[in-house]
Amino acid sequence: MVFRKLPGVSASGMGLRLSQKFVFLLFLSGLVTLCFGALFFLPDSVRLKRIFLSKTETQPVTVGSGSENDAREHLKRPKNQGGMTPARGETSTKLKSLSRKPPVSYEATEERLAGGKAQEDLTLPRSKTESASAKATSSDHGANSDTFSYNKFKGCLLKPPLGRDNGKPSDPKTNERREKVKEMMKFAWDNYKRYAWGKNELRPLTRNGHIGNMFGGLRGASIIDSLDTLYIMGLMEEYNDAKEWVQTSLDLNSNGEASLFEVNIRYVGGLLSAYYLTGEELYKSKVMELGEKLLPAFNTPTGIPRGVINLGSGTSWSWGWASAGSSILAEFGTLHLEFVHLSELSGNPIYTEKVMNIRKLLSKIEKPHGLYPNFLSPVSGNWVQHHVSIGGLGDSFYEYLIKSYLMSDKTDGNAKTMYYGALEAIEANLVQKSPGGLTYMAEWRGGILDHKMGHLACFSGGMIGIGADDGAPEKRQHYMDLAAEITHTCHESYTRSATKLGPEAFRFDGGGEATATRLSDRYYILRPEVIESYMYMWRLTHDPKYREWGWEAVEALEQHCRVESGFSGIRDVYTMTASHDNMQQSFFLSETLKYLYLLFSDDDLLPLEDWVFNTEAHPLPIIRKSCLQDEATQDKTVSE
Ligand code: DMJ
């Protein structure tokens, strides 16, 4: 074919002059460079990077091999489940660390107040970033649905979960009190539904919803936290609304930055207990999907997870306020119960392996005076500071040791040894008696005592009570006495206030006892810990004073926290002129009202022989391995 030269058109093919072509090519290559460069330098380009980089590339420079925790762990399946092939590139370890700007948190103060045990200040920059590595790719979220039979599980329970008559007490006065608590739950729920449906929490004064930044874009925390409470109270219309919301609107494909601890205790715990109580497959598949999203948080050199995880990318960070990029004892130590159940339900051991690895590290590491400090480096596996507390930052770690032992049907001897070892060290170093005769747990700062006890630490009365039977037999009474004394002290912190509600922290120095001396410690945000201890102590002793103390709390909540459209925390328990904080915490529905309801119910509602409560009061069944593996138990069901 012959090309004729047309007038005014260049000799080159596209009809462009050479110089024009050159400019065009220059522009094109500039554009390509710009786009490609952006993948590497824009702060939020993690997702795109994963297209180009291997999935483990953004690990910080570390020590240790991390081999136990590398990306492939996420894809492991038990034998005979179709095997697994690691995705290409997962073993590549281009070590690189990314620094990120501090998250600006306009609601940080409220979050700090709400988070409690593990949250002290979310406003400071997070210190490290770490990318997710592999994610399991199977559509069944790692579950081998053949391995778990709900009917078999029911057959292994010693008693029906809801008791003979849903725990209805025969004594009319107690029943009336129980009905009152149920009415409070309905009131709290109805207002949440009316003004904040689908949001995380209700703001009862402004009558709107609160989302916050603890759950990484997940919604409906109050719904998930309420499922089991509504169910055990027999509020079935409300329960069905909640279930329908989970079915139609619980979107786990969020791309936000979440507290691993909070998502675990509220969402994973809430969905697990909803499944075990109802047998609805919906909850199981949701919790499996969510559990899988949490796994990348463990991709650190030691396998100790960082505190914050992006649920979409799997990238994780330490809280900026936690010194030297450390992880928090109460956060990484409060995963065990839920993760063991994730393995139970999925048949995938990966979840149990992750938490057993944490356990292994903690049992080996040297402990100052036998104590567990609150901060640990996920890189070196060493303690970062020697601050010890049975309250915020430490608390639920101890709780999960004894509960792991109980939940394992008393087979997890390592958890038992660690729990009693820790308790001995706490008694030797932290437990104090005030001049006025009150027993309390001080905080320990490198050997120096701070004579303060947080409201959060008041869960320990119940914890020591439920563990009393399993230590050395000669110590049983000693532990029961200690549990009763701590619970008594916490009750004193309530009775010594004008409102009869307890402050966030109370002190035993500066002239007072069991009272807050600092203005900043005077608030009450509907927390459950004191009532939680009343409930356990009632079950363990049947001393009527615990029900009376619970009723005092009901009256105080009604008088000072009930507002026109829900329940609200108050800013100062020492003044009768109420100043409300405009927040109905989701743990009020999950814990405070549930523990009150159980306190006024018969012991056969969620009997302690079969159930342990996670730290958000979600009941999880004791795992009876021998029964579950016994062929004869197949599909035997407990009649209710
Ligand atoms: C709850 O979310 C849990 O009990 C957690 O362990 C601590 N903080 C709150 C309640 O105060």
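## Ser226 and its surroundings

Leaving aside neighbours within four places in sequence, Ser226 is in contact with Met185, Trp189 and Leu589. Ser226 has its place in helix α6, and its relative accessible area of 0% makes it buried. Please keep in mind while exploring that this is a predicted model.

## The chain as a whole

Stepping back, the chain's secondary structure comes to 20 helices and 18 strands. Of the 640 residues in the chain, 60% are buried.

## Helices α6 and α8

Back to the helix that holds Ser226. Helix α6 covers residues 221-233 and packs against helix α8, residues 260-278, at an angle of about 30°, with the two axes 9 Å apart. Angles under 35 degrees count as roughly parallel, and α6 and α8 are therefore roughly parallel to each other. The crossing in which α6 passes α8 is left-handed.

Which residues make this contact? On the α6 side they are Ala221, Ile224, Asp225, Leu227, Asp228, Tyr231 and Ile232. On the α8 side they are Arg266, Tyr267, Gly270, Leu271, Ser273, Ala274, Leu277 and Thr278. Sorted by class, the contact of α6 with α8 has nine nonpolar, three polar and three charged residues.

## Helices α17 and α19

Another helix pair to visit is α17 (residues 529-541) and α19 (residues 586-599). α17 and α19 pack at an angle of about 25°, and their axes are 9 Å apart. α17 and α19 are therefore roughly parallel to each other, and α17 passes α19 in a left-handed crossing. From α17, the contact is made by Ile531, Glu532, Tyr534, Met535, Tyr536, Trp538 and Arg539. From α19, it is made by Glu591, Thr592, Tyr595, Leu596, Leu598 and Leu599. By class, the contact of α17 with α19 has nine nonpolar, one polar and three charged residues.

Val530 also has its place in α17. With 1% relative accessibility, Val530 counts as buried. Beyond its neighbours within four places in sequence, Val530 is in contact with His455, Cys458, Cys490, His491 and Tyr494. Val530 and Ser460 are 70 residues apart along the chain, and their C-alpha atoms are separated by 9.0 Å.

## An enclosed helix

Helix α13 spans residues 395-407, which is 13 residues, and reaches 18 Å from its first C-alpha to its last. That is close to the 18 Å expected at 1.5 Å a residue. Is α13 enclosed or open? Of its 13 residues, 13 are buried, so α13 is largely enclosed by the rest of the structure. Following α13 comes Asp409, whose phi is positive, near 60°.

## Two loop residues to look up

Lys500 is not a glycine, although its phi is positive, at about 70°. You will find Lys500 in the loop between α16 (476-495) and β14 (505-507). Lys500 counts as partly exposed, at 39% relative accessibility.

Ala617 also has a positive phi, near 70°, in a residue other than glycine. Its place is the loop between β17 (611-613) and β18 (619-621). Is Ala617 buried or exposed? With a relative accessible area of 0%, Ala617 is buried.

Notes:
Residues numbered from 1 in each chain as written. Predicted model: local features only at pLDDT ≥ 70, side-chain atom pairs only at ≥ 80, totals over all residues. Heavy atoms only, no water. Axes fitted to C-alpha atoms, helices over the stretch in contact; angles between N-to-C directions. Helix = DSSP H or I, 4+ residues; strand = E, 2+ residues; numbered from the N terminus. Parallel < 35°, antiparallel > 145°, perpendicular 65-115°, else oblique. Left-handed = near helix turned anticlockwise from the far one by under 90°. Contact = heavy atoms within 4.5 Å. Nonpolar A, V, L, I, M, F, W, Y, C, P; charged D, E, K, R; others polar. Expected span 1.5 Å × (residues − 1). Buried < 20%, exposed > 50% of the residue type's maximum accessible area, 1.4 Å probe, protein only.
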